[in-house]
Amino acid sequence: MITLRPLVAADLAAIESWFDDAETRPWRGDRSWPLIGLKLAGPDRHALLGLREGLPVGLVDIEVGVDGRAAFAILLFNGIGVLVVYLL
């Protein structure tokens, strides 16, 4: 089962290497992206960590606009994308 919880600073060391991937960098950027997500987090911006069996498998960045609609970006590993989308 996949669970989501807020991303915290202690998670960064476990996930920064995901951003070394050549196919990830053009879409999400470098190792600074998770830290930027943490800094932007607030009432209308959420950085979530996806966990499977307690291990990190993805990130979800959700931003809620002034009109109440939300946009999200997902970075996933191990073919779990559809499962995380269902959790949102």
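Reader: What volume does the largest cavity have?
Author: The model is predicted, so local features need pLDDT of at least 70 and side-chain atom pairs count only at pLDDT 80 or more, while totals for chains, interfaces and linings use all residues. Residues are numbered from 1 along each chain as its sequence is written, and side-chain values use heavy atoms, with hydrogens and water left out. The largest cavity has a volume of about 50 Å³. A cavity here is a set of points on a 1 Å grid over the protein atoms alone where a 1.4 Å probe fits but cannot get out; the volume is the space filled by probe spheres set on the points, which are joined across faces, edges and corners.

Reader: How many cavities of 30 Å³ or more does the rule give?
Author: The count is one cavity of 30 Å³ or more.

Reader: Which residues line the largest cavity?
Author: The lining consists of L7, W33, P34, G37, A47, L48, L59, V60 and D61, each with an atom within 4 Å of a point. Helix 3 (32–40), strand 2 (45–52) and strand 3 (55–64) each supply at least two of the lining residues.

Reader: And what is the lining by class?
Author: Seven residues are nonpolar, one is polar and one is charged. Ala, Val, Leu, Ile, Met, Phe, Trp, Tyr, Cys and Pro count as nonpolar, Asp, Glu, Lys and Arg as charged, and the others, Gly among them, as polar.

Reader: Turning to the fold, what pattern does the protein chain follow?
Author: Along the sequence the pattern is β-α-α-α-β-β-β-α, with helices (H or I, at least four residues) and strands (E, at least two) taken as DSSP runs numbered from the N terminus.

Methods: On a 1 Å grid over the protein atoms alone, a cavity is a set of points where a 1.4 Å probe fits but cannot get out, and a pocket is an open set with protein on both sides within 12 Å along at least five of seven lines; lining residues have an atom within 4 Å of a point.
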